[in-house]
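Take a look at the model below. Then read on for its domains and its contacts with DNA.

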Protein chains: 2
Amino acid sequence: MVLVMKVRQLTFRLLQVYADVVRTGSLTATANRLHLTQPTVSQQLKRLREIVGEPIVRQEEGRVVPTEVGQSLYQLSQDLLSRADVFSQYLDEYNSGGRGRFSIGLVNTAQYVLPRLLGPFSQANPQVDVTVEVGNRQQMLNRFERHEDDIYVFSHPPTDNAVLAAPFLSNPLVVVGPEHCRWAGVKDLTMESLKNERFLLREPGSATRRTFDAWLYSTGIELRSTQQIASNEAIRLAVASGMGLAVLSRHVVADSPNGVQKLPLQGFPLKSRWHFVVRRERRLPPAAYRFLSFVQGSLTQAFDEPEGEMAVAELLQVLKAER
Amino acid sequence: MVLVMKVRQLTFRLLQVYADVVRTGSLTATANRLHLTQPTVSQQLKRLREIVGEPIVRQEEGRVVPTEVGQSLYQLSQDLLSRADVFSQYLDEYNSGGRGRFSIGLVNTAQYVLPRLLGPFSQANPQVDVTVEVGNRQQMLNRFERHEDDIYVFSHPPTDNAVLAAPFLSNPLVVVGPEHCRWAGVKDLTMESLKNERFLLREPGSATRRTFDAWLYSTGIELRSTQQIASNEAIRLAVASGMGLAVLSRHVVADSPNGVQKLPLQGFPLKSRWHFVVRRERRLPPAAYRFLSFVQGSLTQAFDEPEGEMAVAELLQVLKAER
DNA sequence: TACAGTCATAGATAATTATCTATGGTATTG
DNA sequence: CAATACCATAGATAATTATCTATGACTGTA
């Protein structure tokens, strides 16, 4: 016999109107406040009563007051409406990028500099969750293919029409040797001189390795002795302990140069630049967009890279247009 | 630029459907479960997305999964729906009378016996709030006129077509004197003998007083000395201390007879009965109805009043029919 | 008692919603 | 790669909702 409330017909509009009626104690007043006519409000109430299956208001001394059930319904309304409101605010924040999450995929080397951008950003946007994925070029390409992240940092972006790339920071590759390396003071140092040195190299999937390999190929020189080490940091330490020479991003060395030094090899530093890479068709999470805007505004200050700033600005332009 | 969610268009139905889609991860499945067609579900989702202003689901490996916003929306849905559900349960309880409130207005004397009904009822229905109002007959009549309570207990119900009354308990009025009263052992004690005694009487508004007055009037006797005291309890104590005789409900005396005794006055006890009184047109709160049902089931046991039980049963019949 | 103010109901209409069937595009899976 | 399963869109329709204007009923006050 007991009929439960017809929840499915319940509308937030109805609750809004009802809550206002309870607050004002008058249908007419509510009608005015909500820019409706009095009969409209009257009927809304009627409908709500039908949904609830129980009288919710009665008149008492010229005022409309909730019945006992109406009281509970009013509390419910307040509760539900305010929750919906909180969600609405969340949406706003989300849309502004001030809240939410995004993920960024970094090529190994880039992890030495990205913190200088991500740190301040997170500081300024504590409600944003950033997931940082790190791997070598090949691993990142795989992630990229699978659409696993929102933004990527490559030094050589995949060539794809659907891709937008903005070079934002130069990433010079330098040759380094141990602290008291005998090549350090040599003028006009050539690769020819170094070809018998042992080179500690990153694995083939890495961008640093590829760039160096390409340059080496262009010189026609072949190295006699190499050793492969899959981590920049490990390479740096190995060089410092005299195991050989290496080609590394200047950022890797600049970060903590103890024990190693740059060698003035001709043709170096090899120029290369990191790019922010995003997919055209992918709608960036607002938080990711906000990060790029943030970067755009701090590149010059943080790295003295006005060109990078412009490139990122351009990227943002395009993204905005595509939205 | 930021568009807040169109809350007013939000429907619980939409949230129900959405929540189910998130749970099943499939529009088709939801369509089946909710006895809809797949396109219907599809369109519901679309509409919800428009209300939210943001994509809420995407497809991933053949499953429908919520976006970040969708996740939040799902949580919101769960939250809102469960709250509505709680309210719905509350409604059920309210309708069954197992929860809620009602008020009952008692004529003074009745407060000596009603607790024996209200106590067990409250015990059995802890979620029901009972408000007990107590006053003399006149005060209760005033409350009755103003529709202030749900149920009243009178010994002489107001005569009004719109009133339903069920006599449920006899309320004999007895004459009492102090413990060692000289009239105690007298046979064929008449009022004539007592007319020079001082009588301690309730105020004119009280039912006890009116009943006694009426009876006294029928005897043609006038009392020489009376004193008015507005409380049964105070009268009982006054009698015990030898200040005079009194007419009281037997229930008042039975409760704690210390210091007083009944006198075997001819014509006494005066018969009278308490009635439950409700207004015909007033829809009784379910809790009040439940109380009367409860009473109906316990009168015989508690007071050995099968007639009262029948009268109350009849009252309930009528109320049920009028609902 | 007549007047104001307030709520309810009736009747009408435009807008929105809830659904369906049919069909087309895509992704998953043998 | 064909078959299958699944989702989106179109087009159509019935039902419901949101409103309005007009009017009636009731209530409390001048």
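Chain A is assigned three domains: domain 1 (7-96), domain 2 (100-170 + 273-322) and domain 3 (173-263). Such bounds come from an automatic or database domain assignment. The C-alpha centres of domain 1 and domain 3 of chain A are 73 Å apart.

This is a predicted model, where local features need pLDDT of at least 70, side-chain atom pairs count only at pLDDT 80 or more, and totals for chains, interfaces and linings use all residues. Residues are numbered from 1 along each chain as its sequence is written, chains are lettered from A and ligands numbered from 1 in the order in which they are written, and side-chain values use heavy atoms, without hydrogens and water.

Now turn to the DNA. How many residues surround DNA strand C? There are 19, and the closest are Leu27(A), Thr28(A), Thr37(B), Thr40(B) and Arg47(B). Of the DNA strand C atoms that come within 4 Å of the protein, 71% belong to sugar and phosphate. A residue counts as near the strand if one of its heavy atoms lies within 4 Å of it.

| Residue | Distance to phosphate oxygen |
|---|---|
| Thr37(B) | 2.7 Å |
| Thr40(B) | 2.5 Å |
| Gln44(B) | 3.4 Å |

Which helix gives the largest share of the surface near DNA strand C? H3(B) does, with five residues. Helices here are DSSP runs (H or I, at least four residues), numbered from the N terminus. The surface near DNA strand C has five nonpolar, twelve polar and two charged residues. Asp, Glu, Lys and Arg count as charged; Ala, Val, Leu, Ile, Met, Phe, Trp, Tyr, Cys and Pro as nonpolar; the others, Gly among them, as polar.

How values were computed
Polar contact = N/O pair within 3.5 Å; in protein donor to acceptor, adjacent residues only side chain to side chain. Helix = DSSP H or I, 4+ residues; strand = E, 2+ residues; numbered from the N terminus.
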